[in-house]
Amino acid sequence: MSEFIFIGNQISVYALRDYIMRHKIDATDSLILSPQDFETIVHEIKTSAEGLTHFPINILGVIITKDTTNTVPIGKLQIVKNEKSYL
């Protein structure tokens, strides 16, 4: 069963960046956000000086995606570990 994580702050680009660095999230993993939190991130990036240039959203090599199953609660995230091939 998946675990939903509260990162201690309102979901923002800064909070996600901080969480990724503090918890050493692997660049091949993904963070899944609720649709509302994902839209907040998209809006924040669009209005920043950097702007939104492409999808998927990538923060420090970690892909940020929107939950399409409506299971991730607002204000929390889900980490999806990328299964690495050892071939």
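**Sheet, helices and core of the predicted model**

Leu33 stands opposite Lys66 in S4. Residues are numbered from 1 along each chain as its sequence is written, and side-chain values use heavy atoms, with hydrogens and water left out.

Helices (H or I, at least four residues) and strands (E, at least two) are DSSP runs numbered from the N terminus, and two strands pair if DSSP finds at least two bridges between them. Five strands form an open sheet with mixed pairing, in the order S1-S5-S2-S4-S3. S1 and S3 are the edge strands, each pairing on one side only. From one strand to the next, the twist averages 35°; for angles, axes are lines fitted to C-alpha atoms, for helices over the stretch in contact, and values run from 0 to 180 degrees between N-to-C directions.

On S4, the bridge partner of Ser30 is Ile63. Strand S2 (residues 30-33) and strand S4 (residues 62-66) pair in the parallel sense over four bridges. Finally, strand S3 (residues 57-59) pairs with S4 in the antiparallel sense over three bridges, and Ile57 has Ile64 as its bridge partner. The hairpin of S3 and S4 has two residues between the strands, and Leu60 takes a positive phi near 55° in this hairpin.

H1 touches S1, S2, S3, S4 and S5, and its direction makes about 50° with that of S3, contact meaning heavy atoms within 4.5 Å. H2 lies across S2, S3, S4 and S5 and runs at about 120° to S4. The axes of H1 and H2 come within 9 Å and cross at roughly 105°. The two helices, H1 and H2, are therefore roughly perpendicular to each other (angles of 65 to 115 degrees; under 35 counts as roughly parallel, over 145 as roughly antiparallel and the rest as oblique). Where they meet, Val13, Tyr14 and Leu16 in H1 face Ile41, Glu44 and Ile45 in H2. Just after H1, Lys24 takes a positive phi of about 50°.

The buried residues of H1 are Val13, Ala15, Leu16, Asp18, Tyr19 and Ile20, where buried means under 20% relative accessible area, exposed over 50% and partly exposed in between (1.4 Å probe, protein chains only). Their cover includes S1, S2, H2, S3, S4 and S5. A nonpolar core is a set of buried Ala, Val, Leu, Ile, Met, Phe, Trp, Tyr and Cys residues joined through side-chain atoms within 4.5 Å. Of the 20 residues in the largest such core, Ile7, Leu16, Leu33, Ile41, Ile57, Ile64 and Leu77 touch the most other members. Helix H1 (13-22), S2, helix H2 (35-47), S3 and S4 each supply at least two residues of this core, and H1 gives the most, with five.

Asn70 is placed in the loop between S4 and S5. At 64% relative accessibility, Asn70 counts as exposed. Asn70 and Ser34 are 36 residues apart in sequence and 6.8 Å apart in space, C-alpha to C-alpha.

Conventions. Predicted model: local features only at pLDDT ≥ 70, side-chain atom pairs only at ≥ 80, totals over all residues.
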